[in-house]
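Here is a short report on one protein model. Look at the sequence and the 3D view, then read on.

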Amino acid sequence: MAPKTTKAAIKDSLANLSQDKFAEFVEQLLDRREPPKVRRSEVEGKSRLAVTNLLVSTFTESKAPQVVQEILRDIGCSDEADELGKPKGPILKVESLSFCSNEHFVDKYQLELISRVSNVAPILDELLARGIIGEEKYGAIRQIPTCSEKMREIYNCLRAGERCKNIFYEILKDHEKYLMEDLLQNN
């Protein structure tokens with residue numbers, strides 16, 4: 001059996017929940033007291049796949065399964081929690097997006113991303129919506145005349161850590177699909 005990523009295992013667990021149980025799962029996720037906190041706007045009305053992506057980018061590949069198991073048990077889905085804890089195949093962990101080096105994908109390809117990303121507006125919108133940048137920084141970056149200068153300024157905002165870089169990576173995959181495929185093939 002081919003290795004299963006942590007993300008795929010979580011996605012499968014959420015796919016097995018009824019619509020009501022999934023809604024209950026989302027509510028429990030929002031009510032978690034431990035940081036990092038998830039905002040309602042990040043999960044409300046989102047698909048199971050979008051919630052899976054958020055879980056992995058927020059809690060990392062190593063911690064997300066524990067968070068999911070905890071919530072599943074809290075909502076009375078112990079069987080699903082146990083199933084996630086004992087996957088049917090080997091789990092392939094992709095600890096961050098560093099691809100066999102200590103350097104994160106968005107750091108490794110910083111120069112190419114700065115020069116090749118052409119549609120910065122939706123990326124900025126999503127960075128604002130996901131809380132990576134604030135309104136003031138959003139407005140300041142929008143005023144910058146060129147895409148490459150805007151991208152340099154976005155990179156200044158990513159210094160906050162791994163979670164910001166993971167979210168930025170996911171946003172780039174959504175809005176710069178072909179560029180990201182090209183970079184991933186060259187990785």
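## Overall picture

The protein has an accessible surface of about 10,200 Å², and carbon and sulfur atoms hold 48% of that area. Accessible areas come from the Shrake-Rupley method with a 1.4 Å probe; for residues, only the protein chains shown count as cover. The model is predicted: local features need pLDDT of at least 70, side-chain atom pairs count only at pLDDT 80 or more, and totals for chains, interfaces and linings use all residues. Residues are numbered from 1 along each chain as its sequence is written, and side-chain values use heavy atoms, with hydrogens and water left out.

Of the 187 residues in the protein, 41% are buried. Buried means under 20% relative accessible area, exposed over 50%, and partly exposed in between (1.4 Å probe, protein chains only).

The secondary structure consists of twelve helices and two strands. Both kinds are DSSP runs, numbered from the N terminus: helices are H or I with at least four residues, strands are E with at least two. Along the sequence the pattern reads β-α-α-α-α-α-β-α-α-α-α-α-α-α.

Contact means heavy atoms within 4.5 Å. Among contacts with a separation of 6 or more, 69% join residues 24 or more positions apart.

## Two helices that pack

Two packed helices are described by the angle between their axes and the distance between the axes. Helix 2 (residues 19-31) packs on helix 4 (residues 48-74) at about 95°, and their axes are 11 Å apart. That makes helix 2 roughly perpendicular to helix 4. Axes are lines fitted to C-alpha atoms, for helices over the stretch in contact, and angles run from 0 to 180 degrees between N-to-C directions. Angles under 35 degrees count as roughly parallel, over 145 as roughly antiparallel, 65 to 115 as roughly perpendicular and the rest as oblique.

Which residues of helix 2 meet helix 4? They are Gln19, Phe22, Phe25, Gln28 and Leu29. Their partners in helix 4 include Val51, Leu55 and Phe59.

## Aromatic pairs

The whole structure holds three aromatic pairs. Rings of Phe, Tyr and Trp (its six-membered ring) pair if their centres lie within 6.5 Å; planes under 30 degrees apart count as stacked, over 60 as edge-to-face and the rest as tilted. Two of the pairs are listed here.

| Pair | Centre distance | Plane angle | Type |
|---|---|---|---|
| Phenylalanine 105 and tyrosine 109 | 4.8 Å | 45° | tilted |
| Tyrosine 155 and phenylalanine 168 | 5.6 Å | 80° | edge-to-face |

Tyrosine 155 sits in helix 10 (residues 147-157) and phenylalanine 168 in helix 11 (residues 162-175), 13 residues apart. Both tyrosine 155 and phenylalanine 168 are buried. Phenylalanine 105 and tyrosine 109 are buried too. Phe105, Tyr109 and Tyr169 form one aromatic cluster.
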